[in-house]
Amino acid sequence: MISLSSKKIKVLFLEKETKKIIENKRMSLILSPDFYWARIFELPVKSVSSALDLLPSLFEEFLPKNDYSYQTIKLEDKVFLCFAYNNDEIFNHIQKLKIPISNIKDIYFAQNEFQPYESFVLNETMFTYVNSILVKVPKNIPFENAPVLTKNLEELKLSKTKVELTLYKSLVSKKYIYLLLSFLFLLSCVNIFKILIYNDEIIKNTKEVQNIKKQYNLPSTMIQTNSIISNYDKEIENNIKIREQIKYLLFYKKIEKNALFEKINVKNQSLIVRVKNANKNKFKQYIEKKYSIKKAYFIKDTLQIELFL
Amino acid sequence: MNKINPLYLLLLFTVITFVSFFTLELKKNEVKKSFASLSSFSKTANEYALIKNVWLNKNKIKRDINALLRSLTSEQITKMELLDSIKIKMESKNEKKLSAFLNKLLNANFLFLKLEITQNVVFAEIRLN
């Protein structure tokens, strides 16, 4: 793997006896067998996940009562190397040593990292593989030709199996948090989906407006369109009124047959009627039933009336 | 190794959900406005089309006037076409024919710029556009 950082990652061996870690650098930790239990089991399952389901009951008879996390590696068909560890115990120890969490790159089981050695001495303690399981040798047993490793373990080729440790304390169960997270995620997705639909509707409506503009050959702005409409609306309304007024006036001939309409004139949005031989009061009353009179006067014997539209 | 506390993720997703609800509400209002504006726009467009096609359709007005004149061939009718209007005048001593002409004029969709009715003459100036 090509590392983008030129800094070498420190590799440190973490034991329960470790009292101080001064390094303030990025580091990988190797957990001493103090922190975990390892066993090889032959299980009637094929996958790692199925094996994981069986581990709590398998370890139950070996371990003191506590809350454990489990991990497993498939060695061969139906043979699994299994680990049990107390997450909080390891986390508390790391906190006690005041190692910043951000400085920890990865954590490994010692079981997998010292495979090239049958036995070795580290921090004046001997470790050896017994039936493929790394164990700590009691201090009263003398070291026998075991290589002594220095505290700096950078030369080790670390494995791919990392400890799936949770490096934080949670008040609420992770299960409920993830359930809530899934719910919120789903809710957000539904909302985003709705937002996209609404956006689509807005775009469609904008296009529809453009289509209508083209179809009806409307002026470029709504202000122009409204101005044209309001201008002509008034003129159309007046023209309709003129028609009604003329029809109403001419109907008067049926009431007073002698009445003679000399002239009806529509000009500058007003209607002027000149009538002869009509009873002035009767005619005025007839008009006022429906319309307002602007002016009424006589020119010789002809009555001239100007009407409001 | 899990370094990120899921509570932080929960907080992040809560914020995202709130933002999504807020944006959704804004979009909802925007869509409502867009539909209202479309509906008002179509109404205005229909109104505009009605004015342009019925009352200010130059060709239609000319066709209607010609049809009106054809139906009254025997009478003395004069027509004068200007750029923006048409003037027509009918002179007749026959009150019934004059009245029929007037009725046809009043029943057509013309915008009168001028209308003058006397005992023997009906004169109208009709807007073309």
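## Helix H5 of chain A

The buried residues of H5(A) are Tyr232(A), Asn239(A), Ile242(A), Gln245(A), Ile246(A) and Leu249(A). Here, buried takes 20 or more other C-beta atoms within 10 Å of a residue's own, exposed means 12 or fewer, and partly exposed is in between, with C-beta atoms placed from the backbone. This is a predicted model, where local features need pLDDT of at least 70, side-chain atom pairs count only at pLDDT 80 or more, and totals for chains, interfaces and linings use all residues. Residues are numbered from 1 along each chain as its sequence is written, while chains are lettered from A and ligands numbered from 1 in the order in which they are written.

What sits over those buried positions? The cover includes S11, S12 and S14 of chain A, along with helix H1 (6-55), helix H3 (95-107) and S3 of chain B. Helices (H or I, at least four residues) and strands (E, at least two) are DSSP runs, numbered from the N terminus. As for length, the 30 residues of H5(A) should span 44 Å at 1.5 Å a residue, and the end C-alpha atoms are 43 Å apart, which agrees. That expected span is 1.5 Å times one less than the number of residues.

## Where chain A meets chain B

The contact draws on 51 residues from chain A and 41 residues from chain B; two residues are in contact if their C-beta atoms, placed from the backbone, lie within 7 Å. On the chain A side, strand S6 (104-109), helix H4 (174-216), helix H5 (222-251) and strand S11 (260-267) each supply at least two residues. H4(A) gives the most, with 22 residues.

By class, that side of chain A has 29 nonpolar, 10 polar and 12 charged residues. Nonpolar covers Ala, Val, Leu, Ile, Met, Phe, Trp, Tyr, Cys and Pro, charged covers Asp, Glu, Lys and Arg, and the others, Gly among them, count as polar.

## Strands across the chains

S11(A) pairs with strand S3 (residues 112-118) of chain B in the antiparallel sense, over 4 bridges; strands pair if DSSP finds at least two bridges between them. Asn265(A) has Glu116(B) as its bridge partner in S3(B), and Ile272(A) as its partner in S12(A). S11(A) and S12(A) are antiparallel too, over 7 bridges.

Moving on, 5 bridges join S12(A) to strand S14 (residues 302-307) of chain A, again antiparallel, with Val275(A) partnered by Leu303(A). In a regular strand the side chains alternate between the two faces of the sheet. Strand S12 (residues 270-276) of chain A has Leu271(A), Val273(A) and Val275(A) on a covered face, and Ser270(A), Ile272(A), Arg274(A) and Lys276(A) on an uncovered one.

## Cores

The largest nonpolar core has 29 residues, of which Ile30(A), Leu31(A), Tyr36(A), Phe83(A) and Phe109(A) touch the most other members. Such a core is a set of buried Ala, Val, Leu, Ile, Met, Phe, Trp, Tyr and Cys residues joined through C-beta atoms within 7 Å. S5(A) provides the largest share of this core, 6 residues. Apart from it lies another core of 27 residues, among them Phe283(A), Phe101(B), Phe110(B) and Val122(B).

Beyond four places in sequence, Phe83(A) touches residues including Tyr36(A), Tyr70(A), Thr72(A) and Phe109(A). Leu52(A) counts as partly exposed because it has 15 other C-beta atoms within 10 Å.
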